[in-house]
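Here is a short note for a first look at this model. Please keep the structure open while going through the points.

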Amino acid sequence: MTGAGLSDFGNEVTCVDIDEEKISKLEAGEVPIYEPGLDTIIERNVEHGRLRFTTDLPDSIRTARAIFIAVGTPPNEDGSADLSHVLGVAESIAEHMEGPTLVITKSTVPVGTGAKIRSILDKAGRTDASVASNPEFLREGSAIEDFQHPDRVVIGAEDEDSIQVLKQIYQALHALETPFVVTSIPSAELIKYASNAFLATKVSFINEVAALAEEVGADVQDVAKGMGLDNRIGPRFLQAGPGYGGSCFPKDTRALAEIARDAGAPFEIVETVIRVNEKVKSRMVEKVVDALGGSVADKKVGILGLSFKPDTDDMRESPSVPLLRGLLDGGAQIRAYDPEAVENAKEILENRSVEFVEDAYDVASHADAVVIVTEWNEFRALDLERLGSVMKDRLLVDLRNIYDPVQVRRKGFRIVSLGRREGDELRRERR
Ligand code: UDX
């Protein structure tokens with residue numbers, strides 16, 4: 001994505017990967033991940049000769065003025081990030097570079113990684129190499145929009161030349177008056193973790209408000225609206241749900257907690273946010289079990305949405321996984337549908353017996369309950385009459401609060417949603 005985006009800004013970009021299959025697919029115009037609009041951008045820039053793909057790392061290093069390291073930083077068992085790929089690339093750069101080279105970390109890397117790369121380059125006597133940090137804030141599913149219209153570009157650098165090279169690379173954003181935040185490398189590295197952890201905190205916070213609202217008879221949607229209109233709080237990332245997932249929030253919060261523990265400055269809020277998210281995910285199993293009268297044994301449960309959020313096929317840390325496992329453990333029979341994530345879901349769930357079907361109405365067939373787990377647009381406007389007509393019982397469990405309970409009840413459904421008591425909406429309607 002970074003490569004495609006930077007070439008679209010007018011830079012000449014070579015994307016390197018050791019995975020030959022991935023590269024030959026990309027060369028053939030096939031995009032190996034689901035990201036709306038990415039294929040068009042790749043096609044356009046390949047056609048204009050600004051973007052190419054290769055497995056030849058040494059040659060790409062020799063010819064590059066700036067090299068973005070965007071390889072994976074998978075979590076170690078203790079939650080810390082595994083830096084072997086990042087440092088491996090740094091070693092290769094040290095070995096093959098010719099002429100002034102700026103080495104930029106794009107991957108989310110622990111504070112101090114820039115310094116580790118610096119020392120690899122120093123050991124190799126590469127005085128014409130500099131190091132910078134340029135963290136990524138893209139969201140999956142809207143990565144292109146985020147890349148083209150970022151709220152800010154963060155540049156952590158050690159000298160003026162590096163700052164200028166990076167500003168040049170992002171020249172296209174100057175016209176949009178995008179703010180550039182220029183800092184030291186450790187600050188840039190920390191900005192990324194602190195931002196993701198703060199957003200995860202907002203999500204965990206509202207999920208706890210939802211649990212409380214159910215106890216005290218409040219409605220989390222109203223509370224979130226009332227809070228979000230305060231400019232100091234803001235309305236975004238206040239949507240209650242089944243817990244945050246994906247490739248960033250879970251990993252980055254755990255890594256930040258680990259970085260902070262290591263530094264002797266334990267990050268207690270983040271530690272709690274992580275625990276709350278686990279609690280939220282198991283609460284979702286209880287919610288479905290409760291909705292079905294205390295047991296899901298031999299109940300037919302339909303699941304709408306598997307990916308951790310809409311517009312992606314990404315199943316990493318998706319709250320659908322513990323939910324499915326919990327329901328299966330309770331003896332439920334599961335049918336599930338997701339517009340994009342089924343293949344990835346099959347891999348993660350391995351031999352657990354889930355029947356994957358073709359659409360929402362198949363999911364509902366003979367079901368005791370249908371559960372909305374991911375808020376894909378196509379689930380927002382279901383034909384409830386049709387859905388209900390094939391179900392055994394008209395019970396909708398809406399874990400994303402995308403339906404107005406009053407409307408759903410009018411169609412003869414029972415609806416259980418998040419952060420409000422079942423039935424309370426009737427009182428509201430009478431007001
Ligand atoms: C996130 C950051 O937003 C992005 O800046 C960073 O570069 C990568 O991590 P992403 O993982 O793609 O992006 O998804 P995001 O839209 O942020 O959602 C993360 C999780 O939080 C999802 O599981 C989502 O369902 C959940 N979420 C988000 C909520 O439950 N409620 C909200 O209000 C917002």
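1. H10 and H12 cross with a left-handed sense. (Left-handed means that the near helix is turned anticlockwise from the far one by less than a right angle, right-handed that it is turned clockwise.) The axes of H10 and helix H12 (residues 249-262) come within 9 Å, at a crossing angle of roughly 120°. That makes the two helices, H10 and H12, oblique. (Under 35 degrees counts as roughly parallel, over 145 as roughly antiparallel, 65 to 115 as roughly perpendicular, and the rest as oblique.)

2. Some basis for these values. This is a predicted model, in which local features need pLDDT of at least 70 and side-chain atom pairs pLDDT 80 or more, while totals for chains, interfaces and linings use all residues. Residues are numbered from 1 along each chain as its sequence is written, and side-chain values use heavy atoms, without hydrogens and water. Helices are DSSP runs (H or I, at least four residues), numbered from the N terminus. Axes are lines fitted to C-alpha atoms over the stretch in contact, with angles from 0 to 180 degrees between N-to-C directions.

3. H10 has another partner. H10 packs against helix H11 (residues 220-228) at about 135°, and the axes lie 9 Å apart. H10 is therefore oblique to H11. The crossing of H10 and H11 is right-handed.

4. Helix H13 (residues 268-291) and helix H14 (residues 320-329) cross at roughly 45°, their axes coming within 9 Å. So H13 and H14 are oblique to each other. H13 passes H14 in a right-handed crossing.

5. Turn to the ligand. Which residues are the closest to the ligand? They are Phe-137, Leu-138, Glu-140, Gln-239 and Gly-245, in a shell of 18 residues. By type, the shell holds nine nonpolar, three polar and six charged residues.

6. Check the polar contacts (N or O pairs within 3.5 Å). A backbone N or O atom of Leu-138 is 2.7 Å from a ligand oxygen. For Gly-245, a backbone N or O atom lies 2.9 Å from an oxygen of the ligand. Arg-400 uses its side chain: an N or O atom there is 2.9 Å from a ligand oxygen. The protein buries 91% of the 670 Å² that the ligand exposes when taken alone. (Areas come from the Shrake-Rupley method with a 1.4 Å probe.)

Terms used: A residue is near a molecule or strand if one of its heavy atoms lies within 4 Å of it. A polar contact is a pair of N or O atoms within 3.5 Å; within protein, one must be able to donate a hydrogen and the other to accept it, and residues adjacent in sequence count only if both atoms are side-chain atoms. Ala, Val, Leu, Ile, Met, Phe, Trp, Tyr, Cys and Pro count as nonpolar, Asp, Glu, Lys and Arg as charged, and the others, Gly among them, as polar.
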